[in-house]
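Dear colleague,

I am handing over the structure below, and after it I describe what was found there. Please keep it open beside this email as you read.

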Amino acid sequence: YSWCSSRLINEEFRLKHDVELDDLIPLEPENNIDQVKLVIGHHVAFDRTFIKQQYQLMGSAMRFLDTMSLHIMCSGFTHTQRSQYQAFEKLSSLIDNDHDGDIDREQQLLDIMLQVSKEKQMKYRNKIEKEPNLQWKSESGLNNLVAVHKLYCKPEKPLNKDMQKIFIEGTIDDVRENFQKLMTYCGNDVKATCEVIKILYPMFVERFDHPVTLSGMLEMSTMFLPINQNWNHFIREADVTFENIESDMQHILMQIANETCKYAMKDAYRSDPWLWDLDWSTQNIRFSKSKTKKKTKSSSNSDAQISTSLGHEQSIFKGAENCWPTKITNNSDDSEIRISANVQRILDTHLTLLKIQPHMPGYPAWYRDLCAKMPKVSDLNQNDVEIDENVWQPGPQSISTKLRVVPKLLKLTWQGYPVHYNSKHGWGYLVPGKNEFNQEANIEKEKFIEEKEQSSTSTCQFPYKAFEEICKVTVPVITNEEVTQESKLIDMQISNLIEQICPTHQGNGPYDDVNIPGCWFFKIPHKDGNEKNVGNPLARSFGSKIADGTLQSYQSTAAAVLLQWSKMLSYWQNNEKRIKSQMPIWIKENDLPDHVAKLTKSDNQIGIILPRVVVAGTVTRRAVEPTWLTASNAQTDRIGSELKAMVQAPPGYCFVGADVDSQELWIASILADAQYAGMHGSTAFGWMNLQGKKKDGTDLHSKVANLVFNYGRIYGAGRRFAEKLLMQFNHSLSSKDAKEKARIMYENTKGIKDQTTGLWENGSESEMFNKLEQIAKLEKPVTPVLGCQISRALEPRTVSEEYMTSRINWVVQSSAVDYLHLMLVCMKWLTDKYRACLALQIANLFTRAMFAYKLNMNDLPASVAFFSSVDIDQCLRKEPLMDCKTPSNPLGLQASYGIPPGQALTIGDVLEHTNGSLEESQEDISIESKQEKTAVEI
């Protein structure tokens, strides 16, 4: 059967945008939400958001099984594989393949490569050439229903999704008009999903046979986020703060652009190292060739006659009648102004103006590009007396920090050297002194200047002298010791000067093909590696460089202020649409449970958001959701970053949760310990995991969390990753030095690989990597605890030795998902908050004991058996004592929203509150009743 909204049948007219509870699909019986049901769908979390009974605080017995998640677990592929697969599919479409039966994959690849050469599709050719093994492509596919149905069911014709556009782009009338076709489309989707699950579910059971895996996924399918009236307040505050800062930011940029125009006076820009190569060309006002217009009959009088006729009252300046004298007479004794023939001739020059004039004559071209053209009078309504400010405003309204001209207007410097843009290498900076060490460069400079002067008088040459003087002020002073070192460097490299090596500065360069006389050009280091070009030095990734003074504005604090503001805007700018697209459903008072309705104030609203989570959205089975699972913690310089704190428990409830300290680190270390000696802490890495306390900041997670190197290495990232990261953190580090440091670091941690045995040796983490690689190289790699298999697209039989980094990463992260599923299955108590804390601690103890048991270790150190603390709070936040102050919430949660600090309880605190029992004693109940405490549930 199919449910249809009453709005489809009845001609209802509604002026509201919010979806109400009664608008949703009643898929469950109103009075029997305890009836067990399983809903199967492709990306079923999307469908769940439209089911009425899912918006209940008490929950229901309905569960959801996602065929997309099952497909990703069984046959999903990595990001790299996805890119190669899409390239392969695109190139396959170029070939008309008439083969019957099985396709020869090697022949198909050869055909594609030949076709690529003809079509010059080099972008896709490079991706495919890197992957010689094509077998995994036949056992995997993209995640959409059409691709999944094609992969498993192999239909004669693929699903047709053309009608989907009507649901997305059409109106209610379009739906009524195409009702039968749309019903057929929906029916075909359901049929296809049914055909997929019949084939996919047996495969899932075979590869993920432990019941905890399925139970954990079903439990994750019931997520919901409670909110209240503070949700709308949060969005309003974020919007207002964003608009105010954006307006101030643009105002400062406009002011700087206006002031920079003054450099056009006497060609002052020619002596400025930043402004010299901007387009300073101007356009003049256009006049007609004839100096006078044909006179009409009314204007055929002589100058004398004009003077006489001006004895009548007349306005000289139209629109300024109240400011200027308007009576012109021939009486010389009169004190009023008498117009002269010369003045009249000036006033008459408007008769020689052409009707079509250039945009902003007299202003430089770079400035004109920032200003919108004034709309023509014909484009405006006849009733418009003045131009609407929403239609057009004067000045450089288009200016923003994203434009290429802005770093030059701000006169940015990198390490004191003026920045410069090159079309081939992107943003870099110029270092003086090239001509001092290289006579050929000096000769080249003179030739360059001479050619420029001969080619065009309007072309500006580089102001080297002014540039050199500025560098003397901005470049940091070098100490005597450093001078000696620099002198040695010069002596060592003097023989290489012909090869254009800069002896006075070390950085990403120099690049010889940037022809600036007397200067070396160095690229500003990119966060993703020196081979990448920097497109905007004011991007948010350069915030730390502005903070430490590496990137700053010459004789101005404008750049620092603008980047700080830009940083504030970035979070809301990137997430506003996703946040506002959430579908909150507001629950009416009569739909609330009685115990909640009694505690809810009349002006308080209770709402629920159902996040559209793909419970296994990656090949490692991690959950994926674009808004909530990627939300950052509250930061003082990010508008709207208090987002998670807007998820607030309804009256009578609270959140109980814990951060699994060093989860992946502990999993990796216990694998190493089991491999080495079968004893906790038997390896260096395992021992480190057992030391320290979180509250003192001495545990491994606190030490490692600030070092991206460690997590990246554990997840399989290689030396190249470390080199890039080192050069990103230390911009003055050469590529050679970065390689050497990365080599030493990896030898001390990962170790050195024995070419005979193929094992890592003599590193603090050698045993861990040996175990991870051993699992990844198995014929059928499985997680050590729940025995979950890797995707078919990553099995050794389909990829040989390829994608080892991804496979090692899978071992750790997929084991972490096993950890989560075990916790969810263990943690099913609905009780008071302190016993919920105890239950969470016991669940963690059971889960870690399960890991140790599966690795043949029958004990568990107390330092990892329990959470360092369990939090009790009224909202979601990283720490229960955080007040979540941000630009849009400057007063904090307590002052703005009335949310008090939460509690963080150690295992000792929990045992004290509960007497070590999950069941309430009569004594506890009587004490709580005397203190009139409300039972709080989770």
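Rings of Phe, Tyr and Trp (for Trp, the six-membered ring) are paired if their centres lie within 6.5 Å, and a pair counts as stacked with planes under 30 degrees apart, as edge-to-face over 60, and as tilted for the rest. Tyr269, Trp280, Tyr363, Trp366 and Tyr367 together form one aromatic cluster.

This is a predicted model, in which local features need pLDDT of at least 70 and side-chain atom pairs count only at pLDDT 80 or more, while totals for chains, interfaces and linings use all residues. Residues are numbered from 1 along each chain as its sequence is written, and side-chain values use heavy atoms, with hydrogens and water left out.

Across the whole structure, the search finds 25 aromatic pairs. One of these joins Trp414 and Phe542, whose ring centres are 6.1 Å apart with planes at 85°, so the pair is edge-to-face. Because Trp414 lies in strand 4 (residues 412-414) and Phe542 in the loop between strand 7 (519-523) and helix 21 (543-547), the pair ties together parts that are 128 residues apart in sequence; strands (E, at least two residues) and helices (H or I, at least four) are DSSP runs, numbered from the N terminus. Trp414 is buried, with a relative accessible area of 1%, and Phe542 is buried too, at 7%, where buried means under 20%, exposed over 50%, and partly exposed in between (1.4 Å probe, protein chains only).

Charges also meet rings here: the charged end of Lys750 sits over the ring of Phe769, 4.8 Å from its centre, and that of Arg848 sits over the ring of Trp666, 4.5 Å from its centre. Such a placement requires NZ of Lys or CZ of Arg within 6 Å of the ring centre and within 35 degrees of the ring normal.
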